Amino acid sequence: MLQLCNLTRAYELGGERAGVFGVSLAVPKGCLAVLAGPSGSGKTTLLQLAGLLDTPDEGEVRLGGELVSSLPEKARCDLRLRRLGFVFQAFNLVPVLTALENVMLPLQLQGVTEAEARPRAEAALDRVGLADRRHHRPGQLSGGQQQRAAIARALAPDPLLVLADEPTASLDHAHGGPLLDLMAELAAERGATFLVASHDPAVIARAHRVFRLMDGMLVGEERP
Ligand SMILES: Nc1ncnc2c1ncn2[C@@H]1O[C@H](COP(=O)(O)OP(=O)(O)OP(=O)(O)O)[C@@H](O)[C@H]1O
Ligand SMILES: [Mg+2]
């Protein structure tokens, strides 16, 4: 589903070189893959390349076999909207919108009508166990409920690939595991593919595949 081939993205800052260097990895369809590694090891940089939010200096990103990293920005933007879902660590929901409106938003940005977006968003919220909170705004939801709403929003458009950066970082330990269990279920149910950056052991324990990064390089791959 996702192939990263020899990706390099270097940042030069005050003579120091950081980023990711020559990373190759493949995530098959329906896989829940975790990018693990210490702070600064390149997890977010790699997610941004995989999510077409940044372009590599060298190497290729392929989605479903198609070379996507060198497409023009317009086409990349379109792919992000239609084929990718994003879950960020925090401040990921629009505060003035209800949970339901937040989940409807990416659908409406794609041109789906409100009449069609509403039942799809309701189904997505129901799937993550938030049906009874759909008219709450993010400030009226707990941290774990906000993360589940963010997952519903990422999944409502039926993306091929969901990218999540430290999705459990703002949750206490009791919530991190269930959140990943939900992702694993969704991967199995829908054949959705997940690439999750995390150093949370509860997340890594639930992965189908773990890619370990160190100083911007891939240093290990495990299939627990
Ligand atoms: N825009 C930037 N300009 C310069 N250096 C950057 C930039 N973004 C990231 N870096 C550097 O690249 C390296 C990798 O950063 P990255 O954010 O990918 O790490 P990370 O593994 O996500 O860390 P964390 O676990 O703390 O989120 C770090 O050394 C960081 O300082
Ligand atoms: Mg990061």
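The dialogue below takes up the overall fold, the strands, the core and the ligand shell.

Mentor: This is a predicted model, in which local features need pLDDT of at least 70, side-chain atom pairs count only at pLDDT 80 or more, and totals for chains, interfaces and linings use all residues. Residues are numbered from 1 along each chain as its sequence is written, while chains are lettered from A and ligands numbered from 1 in the order in which they are written.

Trainee: How many helices and strands are in the protein chain?

Mentor: Helices (H or I, at least four residues) and strands (E, at least two) are DSSP runs, numbered from the N terminus. The protein chain has seven helices and ten strands. Its radius of gyration is 17 Å, close to the 17 Å that the globule rule gives for 224 residues, so the chain is as compact as a globular protein of that length. That radius is taken over C-alpha atoms, and the rule is 2.2 Å times the number of residues to the power 0.38.

Trainee: Which strands form the open sheet, and in what order?

Mentor: Two strands pair if DSSP finds at least two bridges between them. Here four strands form an open sheet in the order β2-β1-β4-β5, with antiparallel pairing. Its edge strands, each pairing on one side only, are β2 and β5 (66-67). Within the sheet, β1 is joined to β4 (residues 58-63) by five bridges, and C5 has E60 in β4 as its bridge partner.

Trainee: Where do the side chains of a strand point, and what is the case in β3?

Mentor: In a regular strand, side chains alternate between the two faces of the sheet. In β3, L32, V34 and A36 point one way and A33 and L35 the other, and all are buried. A residue is buried if 20 or more other C-beta atoms lie within 10 Å of its own, exposed if 12 or fewer, and partly exposed in between, with C-beta atoms placed from the backbone. Since five of the five residues of β3 (residues 32-36) are buried, this strand is largely enclosed by the rest of the structure. It pairs in the parallel sense with β8 (residues 193-197) over four bridges, V34 having V196 as its partner there. Four bridges also join β3 to β9 (residues 209-214), again parallel, and L35 stands opposite F211.

Trainee: Which residues have the most contacts inside the largest nonpolar core?

Mentor: In soluble globular proteins, nonpolar side chains tend to be buried together. A nonpolar core is a set of buried Ala, Val, Leu, Ile, Met, Phe, Trp, Tyr and Cys residues joined through C-beta atoms within 7 Å. The largest one here has 58 residues, and L35, V103, A152 and L195 have the most contacts inside it. Helix α5 (residues 143-155) gives this core its largest share, six residues. Beyond its neighbours within four places in sequence, A152 is in contact (C-beta atoms, placed from the backbone, within 7 Å) with residues including V103, A124 and L130. V103 is also one of the buried residues of α3 (residues 99-109), which pack against α2 (73-83), α4 (114-127) and α5.

Trainee: Which element gives the most to the shell around ligand 1?

Mentor: A residue is near a molecule if its C-beta atom, placed from the backbone, lies within 6 Å of it. Among the residues around ligand 1 are Y11, G42, K43 and T44. Helix α1 gives the most, with three residues; β1 (2-13), β2 (16-27) and α1 (43-50) each give two or more.

Note on methods: Two residues are in contact if their C-beta atoms, placed from the backbone, lie within 7 Å.
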